[in-house]
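Please look over the sequence and the model shown here before reading the report that follows.

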Amino acid sequence: MPGDTVIVYGDGAINVGGTIRSATLDASGDDFRLDNLTIQNDYALNSANPASQAVALSVTGDRDIISRVRLLGAQDTLFAGKGQNGRMSRQYFSDCYIEGHVDFIFGNAKAYFRHCELHGIANQAVVYTAQSKAAPDEDSAYVFEHCILTADSAARDVALGRPWRPYATVVFLSTKLDAPVVAEGWREWAPGKTNSLRTAYYAEYKSTGVGANPAGREPYSHQLTDGEAAKWSLKAFFAGATDWLSAGPSRSE
């Protein structure tokens, strides 16, 4: 069970000179495999600590597979990002549990999440994603397929994501939104200062649950047709180059 093995650390970006430096585990190698354990940054559990980003897992390698892993934190729990100098980072997460509040899955990797639970913890604001695709031609996106989004009863102002960079790309496919997501679904990065929702690509396909509200969504976001959703399938997302996934857990296509 993932709870049988726990890796825990407790420092924040405010103390170590950078968000990624706060990570409990930093995985930068290619073909990295992580399975069946818990990684936690417990910085936020100490009420005496000032608010700060505090990463549990940083993943920046290519062809990395994370399965049956629990990631516990608060702000910026999982950094799923590219390697140095924008080096490609394809990542696959399956059957994981990831919790936090503000921007708790963030970065610019090409990452696919399947059968994962994203859980917003009690906070005045919860933002599940802060994807950071910076240019239209950058090969970078987050896709969540058959995932479930949940939240503590004390979680407030729950949003699917906000664009850390102007071309942030996040797609939810057949996701169950068991959380009180705000009607518009998506937030501007800095309301009144940035105008990135018009350039970001935020989309849903057949969302269900209490947080599903296609009619009320942000006008710049998308509700996908069957054909449009097919372009975000696992094989399409990785352009057919999925041999590296055979080393991971079994999966359906």
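## The largest pocket

In this predicted model, the lining of the largest pocket is formed by Ile20, Asp26, Ser28, Ser58, Thr60, Phe79, Lys82, Gly83, Gln84 and Arg87. The space inside this pocket comes to about 220 Å³. A search for such space can be pictured simply: a probe the size of a water molecule, rolled over the atoms, shows where empty space is left.

How many of the lining residues are nonpolar, polar and charged? The lining has two nonpolar residues, five polar ones and three charged ones.

## The cysteines

How many disulfides does the model contain? The count is zero. Cys96 takes part in no disulfide, and the nearest cysteine sulfur, that of Cys116, lies 4.5 Å away.

## The chain as a whole

The protein chain has three helices and 19 strands. Its radius of gyration is 17 Å, close to the 18 Å given by the globule rule for 253 residues, so the chain is as compact as a globular protein of that length. The C-alpha trace spans about 45 × 45 × 35 Å along its principal axes.

Of the 253 residues in the chain, 53% are buried. Contacts can also be sorted by separation in sequence: among those between residues at least 6 apart, 71% join residues at least 24 apart.

## Ala122 in its loop

Where does Ala122 lie? Ala122 is in the loop that runs between strand E11 (117–120) and strand E12 (126–131). Ala122 is partly exposed, with a relative accessible area of 39%.

Leaving aside residues up to four places away in sequence, Ala122 touches His101, Asp152, Ala154 and Ala155. Gly61 is 61 residues from Ala122 in sequence, and the C-alpha atoms of the two are 31 Å apart in space.

Notes:
Residues are numbered from 1 along each chain as its sequence is written. This is a predicted model: local features need pLDDT of at least 70, side-chain atom pairs count only at pLDDT 80 or more; totals for chains, interfaces and linings use all residues. Side-chain values use heavy atoms; hydrogens and water are left out. On a 1 Å grid over the protein atoms alone, a cavity is a set of points where a 1.4 Å probe fits but cannot get out, and a pocket is an open set with protein on both sides within 12 Å along at least five of seven lines; lining residues have an atom within 4 Å of a point. Grid points are joined across faces, edges and corners, and a volume is the space filled by probe spheres set on the points. Ala, Val, Leu, Ile, Met, Phe, Trp, Tyr, Cys and Pro count as nonpolar, Asp, Glu, Lys and Arg as charged, and the others, Gly among them, as polar. A disulfide is a pair of cysteine sulfur atoms within 2.5 Å. Helices (H or I, at least four residues) and strands (E, at least two) are DSSP runs, numbered from the N terminus. The radius of gyration is taken over C-alpha atoms; the globule rule is 2.2 Å times the number of residues to the power 0.38. Buried means under 20% relative accessible area, exposed over 50%, partly exposed in between (1.4 Å probe, protein chains only). Contact means heavy atoms within 4.5 Å.
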